[in-house]
Amino acid sequence: MFLSSLRSKSFVYHPIISIPSIPSALSLVRASFIKQSMAENVPLEEYLATAVDAAKKAGEIIRKGFYQTKHIEHKGQVDLVTETDKACEDFIFNYLKEHHPSHKFIGEETTAACGHTELTNEPTWIVDPLDGTTNFVHGFPFVCVSIGLTIGKVPTVGVVYNPIIDELFTGIRGKGAFLNAKPIKVSSQDELVKSLLATEVGTKRDKLTVDATTDRINRFLLKVRSLRMSGSCALNLCGVACGRIDLFFETGFGGPWDVAAGAVIVTEAGGLVFDPSGKDFDITSQRVAASNPILKNAFVEVLEL
């Protein structure tokens, strides 16, 4: 009876119902996708040009300070920072933010002052305003500005500039690596015994770290032609990229700002960047190794890390 009465009545269906607007998970995902797509539509060359301009202008600050009396502060027993580090980071961040205000930023001096900064999938500029501060303090001309851009946590654009000897290393993922606008490639060396190795002892001076570091160096002295400690992680990576250095490893360095730019440049020069254990490179791990593809397995075997 009830059903028959329903059939006999005419109903009008109103599909639009007024309810309060609540952002759905789908709309948030869509907004994120649109934002990412917009970022991807900007040519990577444009990001590179911005980074090169910032690096060269910061390089002028470094070059000026290099020949003047330095005012030094200590971040640790042997870890130094100068007013030039801070001035360069302030300038670079302001410059990049002016051109790419929606991007994220991670810098060595900012992180040291404010604590840990998390790397996300957002386009993120990772900056070491003055890599090789100890060299800078001592007037040793192996210093650089390092500016890297990660997208989806992947190093994508890299600029490393040594303003004292005027060498500009650049790389864009999938588009090659260059030194002063000329293409560069890693070495073709295929024997450890003929290889030049670069490494660093870091800033920790506790006995356990020092003993482990010297033991590892002693092992390599029996396996490679010679060893260099130049004082700049970013420039060591670039040394591998242009074939001056065959092998490089370092552990316990400051953070992703030391490797973000150099990792792109090595990879685009045909080299490999990896964890010293041989596993995949993690930009946040404070562990890095680099070589040409031929030497990697033999290199990792000796590293034992």
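Strand 5 and strand 6 form a hairpin, with two residues between them. In the turn, glycine 152 has a positive phi of about 65°. Strands here are DSSP runs of E with at least two residues, helices are runs of H or I with at least four residues, and both are numbered from the N terminus. The model is predicted: local features need pLDDT of at least 70, side-chain atom pairs count only at pLDDT 80 or more, and totals for chains, interfaces and linings use all residues. Residues are numbered from 1 along each chain as its sequence is written, and side-chain values use heavy atoms, with hydrogens and water left out.

The protein contains 10 helices and 14 strands. Of its 305 residues, 46% count as buried. Buried means under 20% relative accessible area, exposed means over 50%, and partly exposed lies in between, using a 1.4 Å probe and protein chains only. Contacts are heavy atoms within 4.5 Å. Among contacts with a separation of 6 or more, 65% join residues 24 or more positions apart.

Two strands pair if DSSP finds at least two bridges between them. Strands of a sheet pair through backbone hydrogen bonds, either parallel or antiparallel.

Strand 5 has partners on both sides. With strand 4 (residues 124–131), strand 5 pairs in the antiparallel sense over six bridges. Here isoleucine 126 stands opposite glycine 148 of strand 5. With strand 6 (residues 154–162), strand 5 is again antiparallel, over seven bridges. Valine 145 stands opposite tyrosine 161 of strand 6. Isoleucine 151 has valine 154 of strand 6 as its bridge partner. Seven of the eight residues of strand 5 (residues 144–151) are buried, so this strand is largely enclosed by the rest of the structure.

Angles run from 0 to 180 degrees between N-to-C directions, and axes are lines fitted to C-alpha atoms, for helices over the stretch in contact. The buried residues include Ala260, Gly262, Val264 and Glu268. Glycine 270 follows helix 9, and its phi is positive, near 95°.

Aspartate 85 is part of helix 4 (residues 83–99). The relative accessible area of aspartate 85 is 0%, so this residue is buried. Its side chain makes a polar contact with the side chain of threonine 82, at 2.7 Å. A polar contact is a pair of N or O atoms within 3.5 Å; within protein, one must be able to donate a hydrogen and the other to accept it, and residues adjacent in sequence count only if both atoms are side-chain atoms. Leaving out residues up to four places away in sequence, aspartate 85 touches Glu109, Pro129, Leu130 and Thr133.

An open sheet of five strands has the order 11-10-12-14-13, also with mixed pairing. Strand 11 (226–228) and strand 13 (272–274) are its edge strands, and each pairs on one side only. The twist averages 20° from one strand to the next. Strand 12 (residues 247–251) and strand 14 (residues 287–291) pair in the antiparallel sense over five bridges. Glutamate 250 has valine 288 of strand 14 as its bridge partner. Helix 10 packs on this sheet, touching strand 10 (196–199), strand 12, strand 13 and strand 14. The direction of helix 10 makes about 140° with that of strand 14.

Helix 10 (residues 296–303) also meets helix 7 (residues 207–221). Their axes come within 10 Å and cross at roughly 135°. The two helices are therefore oblique to each other. Angles under 35 degrees count as roughly parallel, over 145 as roughly antiparallel, 65 to 115 as roughly perpendicular and the rest as oblique. Arg216, Arg219 and Phe220 in helix 7 meet Phe299, Val302 and Leu303 in helix 10. By class, this contact has four nonpolar, no polar and two charged residues. Ala, Val, Leu, Ile, Met, Phe, Trp, Tyr, Cys and Pro count as nonpolar, Asp, Glu, Lys and Arg as charged, and the others, Gly among them, as polar.
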